[in-house]
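Take a look at the model below.

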Amino acid sequence: MTQALLAGRYRLKDELGRGGMGVVWRAEDERIGRTVALKVLPPEYGVPAAQDRLASEARALGRIWDPRVVAVLDYGQDADGTVFVVMELVAGHTLDRAAAGASVPVILDWAGQICRALEVTHAAGLLHRDIKPGNVMVTPTGTVKLLDFGIARFVREPDPAGPLTLAGQAVGTPAYMAPEQLGTPGTVDGRADLYALGCVLYELLTGARPECGGLFERKLPPPPSLHSREPLPAEVDGLVLALLAPDRADRPADAGTARVMVGAAMDAWSGTYGPPGPGSVAPGRPGESGGTTGGTPGAPSSYDPTVLLDVMAPSPAQDGAATRTRVMPVSVSGLDRVRELADWQRGHPEPCRDPRTPAVKELRRLVEELVYLPAGLLAHTDLSGLNLDSAILIRGRLAGARLTGSQLSFALMPFADLREAHLVGADLAGTYLGSADLTGADLSDAQLYTTHLTEAKLAGAHLTGANLLSAVLSDADLSGADLRGAVLYGASLRAARLRGADLSGADLRDADLAGADLSGAHWSVETRWPFPSTALRKLSYSSQAPGGFVLPDPCVSLKLRRLLDGDDGRWFPSA
C-alpha cells in the first residue's frame, strides 16, 4: 500500500504502527505539502451507519484545538471503500516509553495535563474510553497529547439508535477499564476516563499496574507509596486511590476537580521533598506545558498500543540499554537549578537527611556534573548546609567553594581542587580525599574521622577543633596547618609533613608518626602524644606562648626521630 494515493490527496509513505483500530501511516498531503499521520480504519467502518457515526465524531474532534489533544484534520473514504482519518503527526514517545526514570513531579505534571485534555474533550461531549500509556504521547517539550479521542468511543460504545458495536470488538483495555464500562450502554460518563487515569498514574509511580481485582469485582489497590521507587506524601496516595474508587460516585466529580487534586498533590510533594524540576509547571494549567520526558525513554510496554506515532523520535533503547546524557546550559539552567535546590534544602533540613529525597538526589547529580566545568564556576554559589553524601567529585573544581556545614561523608573526591574552600563544620567522615588540594582551606570543627587524606595538600589549612579520629594522612602536607584542639587519635601520619604546624591542645594519642616531619611544629602542655610528653619536653624549645613548645628538626635530633618512630623506650623512661 506504500505510495498509494487516497482521495486524490494523501500519499502514503511508510507505516508507523498498527493495532486493533487500524494501521497508521506517515503520509504527505500533496495539496498543501504537509506531512500528516493517516489512519486507515478496518473494513467494518465502510457500512453506512458506521460512516455516519464516524463523520459525527470526526467533526466534533475537528472543532477542538487544544495542545493536549491530537488534532483531527480530515476524514474520508476512498473510491475503493477505504475509510481513513487524517491527524497531525506528533514527534515524541508514547507514555509507556517516556516514563522510564521520570520523577514524581514530572509524572504529576503529565497527570495534570491529561486532566486538562479531558476537561476540554468532555465539555465537547466526547469520551475516550481507552486511556492507557500507549494512547498518551509526550512530545520533546514535555507536552502531553491524547491520541484517538472519539474514535475509540465510537468503536466501543453502541449507538442508542442502533447497534454499531463491531463483532468481536473488545470493550476497552481490561487493565484500565472502570467497572461501569461493563454495564448498560449509554450510562458511562467522564469518570470512566478518570478511573483509567488512576490506573496509568499508579503504574507510572510504581512501575506496576494496580491490583484492583477482577474486571467484575473491582477493589481498591494498596496505596502506591508502598511500592513507589520514590517517597510519596499522603496527598499523592489520596489522589490515586480517589481516581481508582470502584464506585464512580466516590471518584472526583469531573476532570477539573481531578486537576485540582493533582495540583494539591504536587504542592504536597514539593513542600516535603523538593521543588519540581526545571521546566515543570503547575499541573494542567491552560495553555501551558511542563516537565520533561524524565530521561531516556525505556523499552515499549508488553501490551500493544492502539496507536503508535512515536517513530518520528525513535527510542535509543530499542536495541539495548541507552546511555543517559544530560545537556544543560551551564551558565543559566544548571547553576540556577543548583541554587533553587540548595535554598529548598536549607529550608527543609529534616527530609533532606534522607539521601533518597528527590531534591537531594537531583542536587547531588547536578553538583557532580558542574564540578568538572571551568574552575570557579561554583565558587560564588552557596553550597553550605547541603546533603552531598556519597557524591562522586573526582578531580572536582571546588576552589573557594562555600561548603560550610555540608554533608560530604563517604564522597569520592581524589585529586579534588578545594583550595581556600570553606568547609567549617562540614561532615567529611569516610570521604576519600587522596591527593586532594586543600591548601588554605578552612576545615575548622569539620568531621574527618576515618577520612582518607593520603598525599593530600593541607598546607596552611585551618583544622582547629577538627575531628580526625583514625584519619589516614600518610604523606600528606600539613605544613603550617592550624591543628589546635584537633582530634588525631589513632590517625596515620606516616611520613606526613607538619613543619611549622600548630598542634597546641591536639589529641595525638595512638597516632602513627613514623617518618613524619614536625620541624618547628608548635605544641602545648595540653597536647596529648602517643608517648610521654615529658620525654618530648626535653627535646623541645620553649615558645613565646605560655606553656608552649617548639619541636626541633627530627633530621637533626636523632632522639626525636626515634621517639616519633615509636622507638622511645630505649631512650627515655616512661613518665
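Is the crossing of H3 and H7 left-handed or right-handed? The crossing of these two helices is left-handed. A crossing gets that name if the near helix is turned anticlockwise from the far one by less than a right angle, and is right-handed if clockwise.

First, some ground rules. This is a predicted model, where local features need pLDDT of at least 70 and side-chain atom pairs count only at pLDDT 80 or more, while totals for chains, interfaces and linings use all residues. Residues are numbered from 1 along each chain as its sequence is written, and side-chain values use heavy atoms, with hydrogens and water left out. Helices (H or I, at least four residues) and strands (E, at least two) are DSSP runs, numbered from the N terminus.

**Helix packing**

Two packed helices are described by the angle between their axes and the distance between the axes. Axes are lines fitted to C-alpha atoms, for helices over the stretch in contact, and angles run from 0 to 180 degrees between N-to-C directions.

| Pair | Angle | Axis distance |
|---|---|---|
| H3 (residues 104–123) and H5 (residues 191–206) | about 165 degrees | 11 Å |
| H3 and H7 (residues 255–273) | about 165 degrees | 8 Å |

H3 is therefore roughly antiparallel to H7. Angles over 145 degrees count as roughly antiparallel, under 35 as roughly parallel, 65 to 115 as roughly perpendicular and the rest as oblique. In H3, Gly-112 and Arg-116 are among the residues that meet H7, whose side includes Ala-258 and Trp-269. Contact means heavy atoms within 4.5 Å. By class, this contact of H3 with H7 holds 12 nonpolar, two polar and four charged residues. Ala, Val, Leu, Ile, Met, Phe, Trp, Tyr, Cys and Pro count as nonpolar, Asp, Glu, Lys and Arg as charged, and the others, Gly among them, as polar.

H3 and H5 are roughly antiparallel to each other too. H3 passes H5 in a right-handed crossing. The contact includes Trp-110 and His-122 of H3, and Asp-193 and Leu-201 of H5. The residues of the contact of H3 with H5 are 12 nonpolar, one polar and one charged.

**Two residues**

Lys-39 sits in strand S4 (residues 34–40). Lys-39 has a relative accessible area of 2%, so this residue is buried. Buried means under 20%, exposed over 50%, partly exposed in between (1.4 Å probe, protein chains only). An unreviewed UniProt entry annotates Lys-39 as "binding site"; such annotations may be inferred rather than shown by experiment.

Leu-61 belongs to helix H1 (residues 48–62). Leu-61 counts as buried because its relative accessibility is 3%. Leu-73 is 12 residues apart from Leu-61 along the chain, and their C-alpha atoms are separated by 8.8 Å.
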